[in-house]
Protein chains: 4
Amino acid sequence: MSDPSQRVRNSFAQQQFMTTLGASLRSVKPGAVEIEMLFRAELTQQDGFTHAGAITSVLDSACGYAALSVAPEGANVLSVEFKVNLLSPAVGERFVARALVKRAGRQISVCSADAFAVRGKEEKLVATMLATIITVPAKS
Amino acid sequence: MSDPSQRVRNSFAQQQFMTTLGASLRSVKPGAVEIEMLFRAELTQQDGFTHAGAITSVLDSACGYAALSVAPEGANVLSVEFKVNLLSPAVGERFVARALVKRAGRQISVCSADAFAVRGKEEKLVATMLATIITVPAKS
Amino acid sequence: MSDPSQRVRNSFAQQQFMTTLGASLRSVKPGAVEIEMLFRAELTQQDGFTHAGAITSVLDSACGYAALSVAPEGANVLSVEFKVNLLSPAVGERFVARALVKRAGRQISVCSADAFAVRGKEEKLVATMLATIITVPAKS
Amino acid sequence: MSDPSQRVRNSFAQQQFMTTLGASLRSVKPGAVEIEMLFRAELTQQDGFTHAGAITSVLDSACGYAALSVAPEGANVLSVEFKVNLLSPAVGERFVARALVKRAGRQISVCSADAFAVRGKEEKLVATMLATIITVPAKS
């Protein structure tokens, strides 16, 4: 019987894009996942802020893994769609995406996630996601 | 008087994240922008497909620049929010994001964009975005 | 073997809310559905415009029925989620919602729909929807 | 100086669509609004459940009024867009929509709202909205 947290960690380790973004899994609990991404100039848009797409990428991975953390053994998850509101310029030394399962369904799960910019000890909400995830049988 | 297409090209060149993604501006017309991104293993998720976040990033930039291409001189644009549906696994040699302005407003513009995976001469629709953009006075 | 268009018409006739809204099916083709709603004071918001919720309701039904029009026999459809952008105040003698299937999947379909306000011979785009629909076996 | 709660109540009373839906304001606090809607057969879809559009309508009004409850005096609010996830069939004696301001901006505010179906003393989450609201000067 596989440990759901380990299953999330194994999958995350295979997401090369997370390495490219400098993102790491900070916490995995049943139905709750945190991903951290450090500020890097390579991720910026024209004003020097972190690109909304980079923030969205860690929000998306956090939502998918939150759903995976409560999915039945042998199941896989895919993002069907998501919506992101960008609330403030993404300015910080690092960013934290925190996802929660809002509804875990047999087929369809819904997760919400917030992204925070961290400067020193201060956290500021910079984006929020509402995502739809589908559970599918894992490829054997 | 600045050329809107040049304004888009200048801003795109300053988005370091587009360089990180291997993305380039393919076409800028009033209200219509195309961005191309080559397949790279550094952008993949756990199954070896291009990460939804990378696809979303070029869709977002394409929508923003489509709005900027018809914005008044001296104005800047910011993404307020977007929604993306992921329609098929993003498998291809390269990806093309095509954005169109659906409604150009004084304050709020709405753009839609499709992302296609390209293999040889074949294009397959893999994602679609509906985005809200706000026009703000450019910083002087 | 049931006629898909007839299946849509039968289901629509059972949506009491469409009667409450004064909405009627105007056209059903494979993958494309049009619903019309007359202006009525009972549907207005505080400024006397038609409430965004009423417009959204006919957009949602149009998307669901567009998906149903191409679903396999014996299948049913449910809205998983939708996003609506409100582009202009909904001012008109009547409103037309036009939905198209953007991607018909075995499980998940994606539809887009536009709502137009009609005054005399003029149509104005007032809202646009992007919707996710799931196909489920019909109850026997 | 107007009481924000009174301003919300006055505007709600002018939304004829809320009367058509049998909806009433249950609570108005700064940044938090609750609307209740009774089950009525006139609001149902083909399976006898309350139509997603009716649920969405009260979620939308709740989000708008949550934003209005913290808007500056003399300002008005308009929905720019919203996304709704439908989590369970809307089956209940009545429904409650609870909206919260997630970010109150000078121009753009973001609200989230949940809709619950109520049966006896039990509440079940049936839908969730993430909405973008714009603040505009009220017409004089």
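Which residues does Val126(D) touch, not counting residues up to four places away in sequence?

## Val126(D) and its neighbours

Val126(D) touches Asn85(D), Leu86(D), Leu87(D), Ser88(D), Pro89(D), Ala90(D), Ala115(D), Phe116(D) and Ala117(D), leaving out residues up to four places away in sequence (contact means heavy atoms within 4.5 Å). You'll find Val126(D) in strand β6 of chain D, residues 122–137. Strands (E, at least two residues) and helices (H or I, at least four) are DSSP runs, numbered from the N terminus.

Val126(D) is buried, with a relative accessible area of 2%. Here buried means under 20% relative accessible area, exposed means over 50%, and partly exposed is in between, using a 1.4 Å probe and protein chains only. Glu42(D) sits 84 residues from Val126(D) along the chain, and their C-alpha atoms are separated by 19 Å.

## Where the numbers come from

This is a predicted model, so to speak of local features pLDDT must be at least 70, side-chain atom pairs count only at pLDDT 80 or more, and totals for chains, interfaces and linings use all residues. Residues are numbered from 1 along each chain as its sequence is written, chains are lettered from A and ligands numbered from 1 in the order in which they are written, and side-chain values use heavy atoms, with hydrogens and water left out.

Over in chain A, Thr128(A) is in strand β6 (residues 122–137), and at 3% relative accessibility Thr128(A) counts as buried. The side chain of Thr128(A) has a polar contact of 2.7 Å with the side chain of Asp114(A), and one of its polar atoms lies 3.3 Å from the backbone oxygen of Ala113(A). A polar contact is a pair of N or O atoms within 3.5 Å; within protein, one must be able to donate a hydrogen and the other to accept it, and residues adjacent in sequence count only if both atoms are side-chain atoms. Not counting residues up to four places away in sequence, Thr128(A) also touches residues of chain D, namely Lys102(D) and Leu130(D).

In chain B, Glu123(B) is part of strand β6. Glu123(B) is partly exposed, at 38% relative accessible area. Its side chain makes a polar contact of 2.9 Å with the side chain of Arg98(B). Beyond four places in sequence, Glu123(B) touches Arg98(B), Phe116(B), Ala117(B) and Val118(B).

## Ser57(A) and the α3 pair

Ser57(A) lies in helix α3 (residues 52–68) of chain A and counts as buried, at 0% relative accessibility. The side chain of Ser57(A) reaches the backbone oxygen of Gly53(A) at 2.6 Å. Among its contacts outside four places in sequence are Phe17(A), Met18(A) and Leu21(A), plus His51(B) and Ser57(B) from chain B.

How do the two helices meet? The axes of α3(A) and α3(B) come within 8 Å and cross at roughly 150° (axes are lines fitted to C-alpha atoms, for helices over the stretch in contact, and angles run from 0 to 180 degrees between N-to-C directions). The two helices are therefore roughly antiparallel to each other; under 35 degrees counts as roughly parallel, over 145 as roughly antiparallel, 65 to 115 as roughly perpendicular and the rest as oblique. Residues making the contact include Ser57(A) and Asp60(A) of α3(A), and Ser57(B) and Asp60(B) of α3(B).

## The α3 pair in chains C and D

The axes of α3(C) and α3(D) come within 8 Å and cross at roughly 150°. That makes α3(C) roughly antiparallel to α3(D).
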